[in-house]
Amino acid sequence: MADTVQGQGTDRVRVTSSGRFAVITAMVLTFVLLLTPVLPRVTLFHRLNDYLAAHQSIEIFAMIVAGLVFAIGWNSHRQARPGNVSILSAAFLGVALIDLGHSLSYKGMPDFITPSGPEKAIAFWLSMRACGAFGLLVAALLPWRRFATPLGHWLAMAVVLAWVAMTYWGALAHLEILPRTFISGQGLTPFKVVAEAILVLVYLLAAFLFWHAANLPNARWLASASWVMGLAGAYFCLYDDPFDIYNQVGHLYIVIAYALLYQGLFISTIRDPYVRLQQAQDELENRVVERTRELHDALISLERQQHDLEQAKLGADRANQAKSEFLSSMSHELRTPLNAVIGFTQLLRTERPGPLNEKQAGQLDHILRGGQHLLELINEVLDLARIETGKLSLSVEVIDPVVVMNECLAFGRAYARERGVEIGEWQGGPVLPISVDYTRFKQILLNLISNAIKYNRADGRVTLTAQPWGTGMMRFSIADTGPGIARDKQAHLFEPFNRLGAESRDVEGTGIGLTITKRLVQAMNGLIGFHSQEGQGSVFWIDFPIARDGAVAAPAHPVTGKVELSSPPGAGCRILYVEDNPANVQLMEAVLGEIPGFVLETATTVETGLEKLHHNRPDIIVLDINLPGMSGLQAVRQWRTMPEFNGLPIIALSANVMPNAVEAALSAGFDRYLTKPLDLDQFLRTVRELTHSGGQCT
């Protein structure tokens, strides 16, 4: 359930458990207690050994839960949580330690330092109950805020450990001076009953205080836990024989109460920090408005704002990291099927399986270009993950923009025809060489052109203009005749995942293209901007530095429809391909089956691949990273320690293109790292390079 808390000028939603389950549990257990007088009293055990087995099981479970209460309260968010959590966690560490003495001292157990018996066990028992009761009461009485000094955290622990030490000292060394609590044949003494009754009242008082605690999100859990602990004491006042059902039900109530307390502390120490982060963000907004009106307090406001911004940034960084990891994982999963789509299309386009007529060749070109465009979209998602984690790599070189502009316009025309939009030749000039990353510059132009097409009107027009601009810059402008961008939305144009209302129309998109475009432009020392008028269209422009020297690099891997496969590395080259995806295996078999000079063996796991390797050593191994059983990384690390793998080239072939994955693979012992979808020419060049340099396949 969600509890809504009204803030100043804003609604704040606190996502915490309402504690309804805890309250219902406490009500049911109360009803069971009220029915106890009319229920028959049953003796559950008739032999001491049977009772001890059940008793020790319950006590061990209770000690584990009490230990968990200590662990989660003591170690979670120590700097931000209320000091009451330290008191509760320390108290239940004492409960667990004293309960251990109680379990070891019970009648029938081996002597624990001194002879075991009911008096000794009950002495530990009452001290344990008192430690939990007064720990809850003190936590309920104190305001729920941090200790004034960090020493309070350790002071609570010192008090509890002193209590534990006194308990063991009294129960083990001076039991004779303690009041009698149990007389064999008679049952509990009045002192024991009165002590239990007092502890019941303490527990119930703590429950009352927790129930009425203001602004405490886990109040219902803590109140219910205290209440059930009090109910348990009622059963411990009623039994005459430890073997009867009252004693056992009382122990069961305690275990349930501990579990409720554990859940309550989980809410307090794990969920509440996220609630406080949201509250800090709301407070920051309120302070900005307030300090705008109160300029004389600007210095104090700035200091507080800086502190709150640091806290908000930590939360935002964690959220961005989680989002980036998700995007990376999704991109990896999408690249795997694209490997088969692009790979088989490239193979058919080579015409090795058979000649193609003009229509078939054109259709394959469309499939190949569409697959490569989809791959570019997936790479866009990966780019966002890389940018936000600071791992984007660029290769800046001097290029001729005309080549890129012509390619982008050619691709855009096919897309524009489907939407009834016209794209002419680029305009302007002269066009001078610029210093950019070739692939990223092309990605930027494609994104701006495709946006101009998508958000255009029917029978609209897109125009690309290039011309020198300002001092030492080339400006590329993409104009459309679409509906334009509303003035009140223009400030949010480059925000990630903000499509400015376009998601309600039939226009595809993710809302991250312009975000990536802006960050790529800035990373290459460029500028980006736009101007738009409703009803008349928009113009987006990008400026890049003009190259100082005239040397222009060759275009890097332009998109072509036909793929030429490299010549084989040599006669009888044996390749072992370890891959569990059937489509990828079929693609490799089809590719190498069309080229003479290759002998391909495949395996679906590292283990079966190792068997084949021992029977017939290959010239090169191609290994997937994510395999069932032993992974590719584990296999390479192990193989590189074995003498029979000395000098044997191993290529990693994976859909994971993140830089840390590539670095990890090369560090593990791979000679090369290739990515899916597979670039056939690059693959064959890599095989030829590794086999010739190592003396294989000659």
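Visitor: Which way does α4 cross α5, right-handed or left-handed?

Guide: Right-handed: that is how α4 passes α5 in this predicted model. Two packed helices are described by the angle between their axes and the distance between the axes. Here, helix α4 (residues 118-141) and helix α5 (residues 151-173) pack at about 165°, with axes 9 Å apart. Angles over 145 degrees count as roughly antiparallel, so α4 and α5 are roughly antiparallel to each other.

Visitor: Which residues make the contact?

Guide: On the α4 side you have K120, A123, F124, S127, A130, C131 and F134. From α5 come V160, W163, T167, Y168, A171 and L172. Sorted by class, that contact has 10 nonpolar, 2 polar and 1 charged residues.

Visitor: And R129, buried or exposed?

Guide: Buried means under 20% relative accessible area. R129, found in helix α4, has 2%, so R129 is buried. Leaving out residues up to four places away in sequence, R129 touches E196, L199, Y203, M229, A232, G233, F236 and I254.

Visitor: How many aromatic pairs are there?

Guide: Ring centres have to lie within 6.5 Å to pair, and the count comes to 10 aromatic pairs. Take F21 and W221: their pair is tilted, at 6.3 Å centre to centre with 40° between the planes. F21 lies in helix α1 (residues 20-35) and W221 in helix α7 (residues 219-238), so the pair ties together parts 200 residues apart in sequence. F21 counts as exposed at 55% relative accessibility, while W221 counts as buried at 6%.

Visitor: What do ring pairs do with F70, W74 and W154?

Guide: They link F70, W74 and W154 into a cluster.

Technical notes:
Residues are numbered from 1 along each chain as its sequence is written. This is a predicted model: local features need pLDDT of at least 70, side-chain atom pairs count only at pLDDT 80 or more; totals for chains, interfaces and linings use all residues. Side-chain values use heavy atoms; hydrogens and water are left out. Axes are lines fitted to C-alpha atoms, for helices over the stretch in contact, and angles run from 0 to 180 degrees between N-to-C directions. Helices (H or I, at least four residues) and strands (E, at least two) are DSSP runs, numbered from the N terminus. Angles under 35 degrees count as roughly parallel, over 145 as roughly antiparallel, 65 to 115 as roughly perpendicular and the rest as oblique. A crossing is left-handed if the near helix is turned anticlockwise from the far one by less than a right angle, and right-handed if clockwise. Contact means heavy atoms within 4.5 Å. Ala, Val, Leu, Ile, Met, Phe, Trp, Tyr, Cys and Pro count as nonpolar, Asp, Glu, Lys and Arg as charged, and the others, Gly among them, as polar. Buried means under 20% relative accessible area, exposed over 50%, partly exposed in between (1.4 Å probe, protein chains only). Rings of Phe, Tyr and Trp (its six-membered ring) pair if their centres lie within 6.5 Å; planes under 30 degrees apart count as stacked, over 60 as edge-to-face and the rest as tilted.
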